[in-house]
Structures are given as C-alpha cells and as structure tokens.
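Have the structure open while you read.

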Amino acid sequence: MQSSTEAGEEYIIKTNPATLEEFGRIKCDHPEDVPAALQAARLAQSKWMKLSYDEKAVVMSNIQEAIISNIEDLARTICGETGKPKSEAIATDIFAALSAGEYANDMMLEVFKKSKIDLGDMAFPMKLAGRSSYIAPRPIGVVAIISPWNYPLGIPYSQTIMALAAGNAVIIKPSSETPLTAVKMLEVMKKAGLPDNLVQVLIGSGRTVGDALLTSDVDRIVFTGSGSVGRRVMAQASQRLTPVTLELGGKDPMIVLKDADLERATSAAVWGSFVNSGQTCVCVKRIYVDETIYEQFLELFKNKTLMLKQGWGWDDQEISLGSLINEAALNEMEMHVEKAVNEGAKVLIGGKKNPNLKGYYFEPTILVDTPQNSAAVQEEIFGPIVTVMKFSSEEEAIALANDNKYALAGSVWTANLIKGKVLAELVSSGTVVVNNLLYTYGLAATPWGGNGESGFGRTHGKFGFEELTEPHHIHVDKGKYPEDPWWFPYSPEKSESLSGFMHSFYAQDGSSIKALLQLHKMMRK
Ligand code: TXE
C-alpha cells in the first residue's frame, strides 16, 4: 500500500500483493472529519433504535440478502487487496460475514428481552416489601470498529452487523491495507436499505484518523489488531473512559495425542497453519505431538504441506496459498526464520521467499527443534511459519501449550473425547477445539476472544452482545411502607433494630422468620 498526495488530498494506492499490479486508489478522510461523522452517527442511531423490531428486521435481512448476491464482487475486492485465493475469501471472510448476519438477525429480539432478577436471599423480604428488579437491555450508542487487513470483510462486517442488531450505529476505520473492501461492504449494505450514516467508513492511517476516533466521544471501541496498537487503543480510550474490546494476536497451540487420527490431524494442521498464508490470529503456530508418533506426524505434515500450490488464486482455483500482505511482511518472515535458526531451530521445509513468483510470497515453513523459550515459539509470527515439537506426557503438553503470553485459541486431538474435553479445559486459550481448529469464528453464536496478550472482551455470541448493549437495571418499589429503616433520622433504636435484623437474617444461628418480623416492625412505623 502506498499513499500519494494529489491536489492537497492524501490517497491510498492499493497494490495487489499477489500480482504487484495496482488494484485501486481511494481518498483518505481527515482526523477533523471524525466529530461530524460522530454527530451524524448519533442522529442515525437515535432513529434506528426507535424503529420497530419488524422495520429493523426488514433492513437486516435485506442486507444479508445483498451480501449473498454480491459474493463475487466482495470476493474480488478481498482478494485484490489481500492476495488471498478466491475460495478462501469465500470460505472464510464471506462465510463469517453471513454467519454473523444470520445470528444477529436471529438474536435481534432476544437481545432486548427484559429479564426479572432473582434477588436470591432477599427475594422474599423484597416481595413482602413490594419490591422487584429487572434488566432492560439498551443500545450503547455509537461503536467504533478498528479492523485489521487479514479478514477485511469477515472481521469488520461481523462486528458491525452485531452492533446494528444491538441498536447501535457504527464508524469503521479499516486497515490502510484494505480500505476498498470496507467501502465495497458499505456500498452493498446501503444498496440494501441501510439507513444513512448508521454505518460510516473512515479511510486513513491508524495514526491519524484511527487516533482521532480513539479520542472521540464514541461509546465503545472494538479493536482488532496487534498488541502494540491494542495498548495504544486502551491508553487513548482511557481519556474518556471509553470501554474497549481488544481482539489481539495469537500463538495457538495444537496438541496431538498418540491416539489422534493422524491423517485427519495432519490435514487440519496444514490448513490451520497456512490458511491466509498464516496471517490469521488463530492460525496453528505451535504443534505439540506425542513423542511416540512425532516422526509419523512430521512426515505426513511435511508431505501434505509440500503439495500446497502457491500463487495468485483468483483464476486458478487450485491455489492454496496466496501472498503476504506486503513486502515488509515478507522481510519480517525472513528475519523470523534467521532468528529461529540462530536460536537452535532447524528448517524442515520452506524458510525463504518463493523465488518463482512475482509478488510477496513466502514458502510454507516448518521449523523443528525449536527451543520452547525461543522467539519462534513465544512470539507471534504473522505468516506461514509453524513450529513442531514433541511431548512425553499429557501434563507436559498442557504445560507447554500454556507457556505463552498469548491465549486466543487452541486445539486438542485425540480419539478419546472425554480426555479431549478434560485437556481442552486446561488450555488457557479463550477458545479450545477438540479434533478441529479455527473455524468457530464462523459459528457466530459462539464467543470469540482470549486473554493475556490476546486481549480481552468478546465479539460474537451472547457475550459479544453483552459488550454492545448496557444491562439497564430497573428496581420498582410499590411504596407500601412510609419509609425505610436505614433512612434519616438515625437513632439508637434504629441501629439496634437493624443489627438485630442482620443477625437474624445472616447469622448461622439466625432465624429468617424472626428477621422478617423484625423487618416488618422496623418498616411499619
Ligand atoms: O494490525 P495493526 P494489522 C491481529 C493479528 C496481528 C494483527 C495484524 O494477530 O497481530 O492483527 O493486523 C489501526 N491508532 N489480529 O497489521 O497494525 C490500523 O490502521 C488507532 C487479531 O492490521 O495493529 C488498522 O486499522 N488505530 C484478530 C488496525 O489498527 C491504529 C484477528 C490494526 O492495525 C493505530 C485478526 C493507532 N495509533 C488479526 N495504528 C483477533 N484476535 O481476532 C494502527 N491502527
């Protein structure tokens, strides 16, 4: 991605990283555009939340239909900006978008359902006193979505459609590497009847437009990206106490037990390690294999990886691996391999730029003998590089898997599902899959997110909706009693009655009947 200035205006010139041909160019917005965008978003949101459920449902289902009828066009933009193969753009980006759209539409009524609160021990006293509580969820307002380039539709769209279903407006700041996909997405949504300014896209660098959004008066920031920028997002958001959801990096472990189906596990490991050329936060990055099957696994994994075809995967549907996003990423991969070798690793296959292809292609790389404490095992490598190591016991496998500052996703492979679940529950990652990997991002009803360096908060699922709505608590008192015993004026009698009530209500040797009588007596006056 380059930028240029024409007649005082900054443009992003987007090159297809798989062909090095110019793919498109777009004018950047300015940081000073943010306040007006926010004002327009607030107005649009106030109208959107007043629409009836049916009116909103019509818009949301028309948008879903529009995505489906624009798959080819959307895929073209995704591939042109990222260099990923067409089948992958459809199977990952677009599928994730449609899954989130379906889920958001299905949940739009549920999200705002009022729910009575069970007051627990106080339920009966409160009932006697004519009091009750309930939650009335409400939208939070305007959500800023700052998104990465690796899934330029799947990530911002799924977060946007959930925010809309929760009654909010959205301002998206897409990665400067993939501005055109966000613009295309908004175009498709608008044609389907999206109300004006309910979703806006601001084009520009993170440092300028992104930063202006962080320090603006938005009601939540949903950030997906690197840990370094995630920390800045949190720092900037703290100025206005803006809540943030941070979807950051990953270094996902894959634990392969000796009773795993090796054919299936190795096929999954190839896809899990090299999908999107390894530029996926939940790609398999660390494979831990039981020592008794390590050689077998490695041989199968290596041979299946060597069969992968690399290149520009728009016309040639047999291409599995596209390019990296840019030249810097390519150089970074070379640096990672060099560092890994210096720290004791051996390159089993790959390890260098693909010399036969124009474009930013790095060969799928398998590292072995990587020390557990080396950078290759501990640091995020956002490209087609995976390490394969062995373990001698299940306890050791869990310890190795959890010995990492990232904790986004992970997988456990075994024929014994009971053991698989036990081990999966011991892995620190936010999502752990037994005998599969990665694809739960396409199950929008399931939560997405992690902990540690992978960030916090959840997108998708009911936990995602909880971050896009406010649990508005309403407590109702029928006013049966003239006053409450803890109101003014205080007196020795009041404090004695209150202590008596608390003793009866909470003490081991207390009596709830006695407590209720005491409460009634105190409140009757
Ligand atoms: O991130 P960057 P990228 C992670 C992945 C990797 C990173 C790759 O693990 O670490 O994302 O994406 C904007 N103020 N995930 O390179 O550079 C920038 O313009 C405000 C995790 O895009 O952090 C872009 O829009 N904004 C994820 C966005 O931040 C700023 C799945 C991300 O940019 C900014 C996918 C600033 N100062 C990728 N600087 C998951 N966990 O689900 C940059 N930006």
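Which domains does the shell around the ligand draw at least three residues from? Domain 1 (30–248 + 464–470) and domain 2 (252–445) each provide at least three, with domain bounds taken from an automatic or database domain assignment.

Before going on, some ground rules: this is a predicted model, where local features need pLDDT of at least 70 and side-chain atom pairs count only at pLDDT 80 or more, while totals for chains, interfaces and linings use all residues. Residues are numbered from 1 along each chain as its sequence is written, and side-chain values use heavy atoms, leaving out hydrogens and water.

Around the ligand sit 27 residues, and Lys173, Ser226, Leu248, Cys281 and Glu380 are the closest; to count, a residue needs a heavy atom within 4 Å of the ligand. Sorted by type, the shell has 13 nonpolar, nine polar and five charged residues. Here Ala, Val, Leu, Ile, Met, Phe, Trp, Tyr, Cys and Pro count as nonpolar, Asp, Glu, Lys and Arg as charged, and the others, Gly among them, as polar.

Helix H8 (206–214) gives the most, four residues, and strand E9 (220–224) and helix H9 (227–237) each supply at least two. Helices (H or I, at least four residues) and strands (E, at least two) are DSSP runs numbered from the N terminus.

| Side chain | Ligand atom | Distance |
|---|---|---|
| Lys173 | oxygen | 2.6 Å |
| Arg232 | nitrogen | 3.3 Å |
| Trp448 | oxygen | 3.0 Å |

On its own, the ligand has 850 Å² of accessible area (Shrake-Rupley method, 1.4 Å probe), and the protein covers 88% of that.

Now for the backbone. Most residues other than glycine have a negative phi, and most peptide bonds are trans. Leu438, in the loop between strands E18 (431–434) and E19 (451–452), has a positive phi near 75 degrees. The peptide bond from Phe488 to Pro489 is cis, with omega near -10 degrees, and Pro489 lies in the loop between strand E21 (469–477) and helix H17 (492–506).

Key. Polar contact = N/O pair within 3.5 Å; in protein donor to acceptor, adjacent residues only side chain to side chain.
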